[in-house]
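The coordinates and sequence should be kept at hand while reading.

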Amino acid sequence: MKLRKEIKRILGSMAALLFMAGCSSTQTLQEYYVDNSENPNFLAVDVPANILKLDEASLDETQRTALKSLRKLNILVFQKTTENAKAYKEESAKVKEILKNSDFKDLMKLNTQYAKGVIKYSGDGDAIDEVVIYGDSQDKGFGLVRVLGDDMNPAHFMQL
């Protein structure tokens, strides 16, 4: 009887450890958007792809394919002020940490006199599901754009 209780205790402990190990402690980009969509320091906008109203008649076949693969854009902007300078540093550090995730692959780095940024993607090279554009200005704040789609091809997408 004691042996049976001991086995149950050990199995219960192992199950709890496996559950905790399976739970990721790092925040996803989607969670970050949701967590900050009501934050007064942020401006959050979701734009469905059909609102772009591109005239399909003037698009070639490659551009039409790219447009059809696009679902929506999530835009999150942090406008820096003197009052929220500390929050700006904390939030930009969080975003940079999320973007270090191995799920995101570098597509392009941006470095201008006004801002620095990066364009990353997740998915396979010719079947991208998400493109992330992050731009950061020490004076103005930062912006984060998620371009969500289904099997987006970067070569086709760049033509839009």
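**Note on helix 2 and its surroundings**

1. In helix 2, the residues Leu29, Tyr32, Tyr33 and Asn36 are buried, where buried means under 20% relative accessible area, exposed over 50% and partly exposed in between, with a 1.4 Å probe and protein chains only. Viewed down the axis of helix 2, the buried residues fall within an arc of 100 degrees, so they line one face of the helix; the arc is that of the directions from the helix axis to the C-beta atoms. Val34 and Asp35, on the other side of helix 2, are exposed.

2. This is a predicted model, in which local features need pLDDT of at least 70 and side-chain atom pairs count only at pLDDT 80 or more, while totals for chains, interfaces and linings use all residues. Residues are numbered from 1 along each chain as its sequence is written, and side-chain values use heavy atoms, with hydrogens and water left out.

3. The buried residues of helix 2 pack against strand 1 (42-48), strand 2 (70-79), helix 4, strand 5 (127-137) and strand 6 (141-152). Helices (H or I, at least four residues) and strands (E, at least two) are DSSP runs, numbered from the N terminus.

4. The axes of helix 2 (residues 29-36) and helix 4 (residues 85-99) come within 10 Å and cross at roughly 155 degrees. Axes are lines fitted to C-alpha atoms, for helices over the stretch in contact, and angles run from 0 to 180 degrees between N-to-C directions. The two helices are therefore roughly antiparallel to each other, a term applied to angles over 145 degrees.

5. Leu29, Tyr32 and Asn36 of helix 2 meet Glu91, Lys94, Val95, Ile98 and Leu99 of helix 4, contact meaning heavy atoms within 4.5 Å. By class, this contact of helix 2 with helix 4 has 5 nonpolar, 1 polar and 2 charged residues.

6. The whole structure holds 7 aromatic pairs; rings of Phe, Tyr and Trp (its six-membered ring) pair if their centres lie within 6.5 Å, with planes under 30 degrees apart counted as stacked, over 60 as edge-to-face and the rest as tilted. The ring centres of Tyr32 and Phe42 are 6.1 Å apart and their planes stand at 85 degrees, so the pair is edge-to-face. Tyr32 lies in helix 2 and Phe42 in strand 1, so the pair ties together parts that are 10 residues apart in sequence. Tyr32 is buried, with a relative accessible area of 1%, and Phe42 counts as buried at 9%.

7. Ring pairs link Tyr32, Phe42, Phe78, Tyr88, Tyr134 and Phe142 into a cluster. Phe78 and Tyr88 are both buried.

Key
Parallel < 35°, antiparallel > 145°, perpendicular 65-115°, else oblique. Nonpolar A, V, L, I, M, F, W, Y, C, P; charged D, E, K, R; others polar.
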